[in-house]
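The sequence and structure are shown first.

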Amino acid sequence: MLCQAYSFKSPEDENSVWSKTNWLDSGTGQSMKGQKPGPADSVEVNGELELDSDLSLKKLMLGPTHSVLIATGKKIKVGVFDINIVDSGIKLKNSSMEVARSLDISKGVGTDTIIGTDIILENSSFKASNLMAAISQANLNLQSNSGITIDMKGNSLFELKSEIILDDVFKGPPSTVFLKFKITERESLLPYVKVGDPVNLKGVVIEVRLLGNMKKGKYPIFLCGSSSKTHDFSKAIIKLNGKTYNLKEEIEVGDFKASMEVANLPKFGNGLILTLK
């Protein structure tokens, strides 16, 4: 016997928790009369919605209004994850999220204003097949700091099995539309990014924030597959503790000298590697 799949959405501008949401049919807007989304269903989140249990879905979407999914200590598994870049994001704390297919970020039909998308990971992991971001440049109304920010703190990982696919609007100056990775030390732990081959880093912003509490050694920052290929970080915009950084430059961080270069780190792979000495 086949189970019927449903398409749900949460009411617009409603701030609620998952189990108490008054779900609507995404097509008709009518109440789903007490039904709750299950693993075979699709869900569109509107407003701010906090998970109060683990989550498994066929498809998760962040809607065209202000839409944020919040989770603390939860496990999230979805087949497809679509984000509307207008004003959206996820906030994970001590949580994990796995996307079987692509993380797709785009601009919805009927709107030309982009505020941005924030994926915030605090001691959390996010894994997907790849990341695809496509935005029509026509008639864009950009707010300040518009773009996609992957904001990672502490023991966090952002991992893509395959590649980052960006349209040309992301490859210009970051004052246009950016893809930014913020990698911040917390409690002597440093998060990192891992993506597969190939990767085009033109215009991508990588910001590293060190507090000076880590031990001497080498740490992964942005890994690009496990092949011997040398990846070109020269087209990326790299910053260390708020200042533009040139590869292999040494700067003082507390009692350490910190430097970054493209190298191979055993047990991790190739990419941008931090050395503290």
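The ring centres of Phe-181 and Phe-222 lie 5.2 Å apart and their planes stand at 90 degrees, so the pair is edge-to-face. Rings of Phe, Tyr and Trp (its six-membered ring) pair if their centres lie within 6.5 Å, with planes under 30 degrees apart counted as stacked, over 60 as edge-to-face and the rest as tilted. Because Phe-181 belongs to strand S18 and Phe-222 to strand S21 (residues 217-224), the pair ties together parts 41 residues apart in sequence. Strands (E, at least two residues) are DSSP runs numbered from the N terminus.

## Basis of the model

The model is predicted: local features need pLDDT of at least 70 and side-chain atom pairs count only at pLDDT 80 or more, whereas totals for chains, interfaces and linings use all residues. Residues are numbered from 1 along each chain as its sequence is written, and side-chain values use heavy atoms, leaving out hydrogens and water.

## Other aromatic contacts

The whole structure contains nine aromatic pairs. Ring pairs join Phe-222 and Phe-181 with Phe-81, Phe-126, Phe-158 and Phe-233 in a cluster.

In strand S18, which spans residues 178-184, the charged end of Lys-180 sits over the ring of Phe-178, 4.6 Å from its centre. This assignment requires NZ of Lys or CZ of Arg within 6 Å of the ring centre and within 35 degrees of the ring normal.

## Nonpolar core

The largest nonpolar core has 70 residues, of which Phe-81, Phe-158 and Phe-222 touch the most other members. Such a core is a set of buried Ala, Val, Leu, Ile, Met, Phe, Trp, Tyr and Cys residues joined through side-chain atoms within 4.5 Å. Strand S5 (residues 55-72) supplies the largest share of this core, six residues.

## Strand S15 and its neighbours

All seven residues of strand S15 (residues 147-153) are buried. S15 runs parallel to strand S11 (residues 116-122), joined by six bridges, and Asp-118 stands opposite Thr-149 in S15. Seven bridges join S15 to S18, also in parallel, with Ile-183 in S18 as the bridge partner of Met-152. Two strands pair if DSSP finds at least two bridges between them.

Note on methods: Buried < 20%, exposed > 50% of the residue type's maximum accessible area, 1.4 Å probe, protein only. Helix = DSSP H or I, 4+ residues; strand = E, 2+ residues; numbered from the N terminus.
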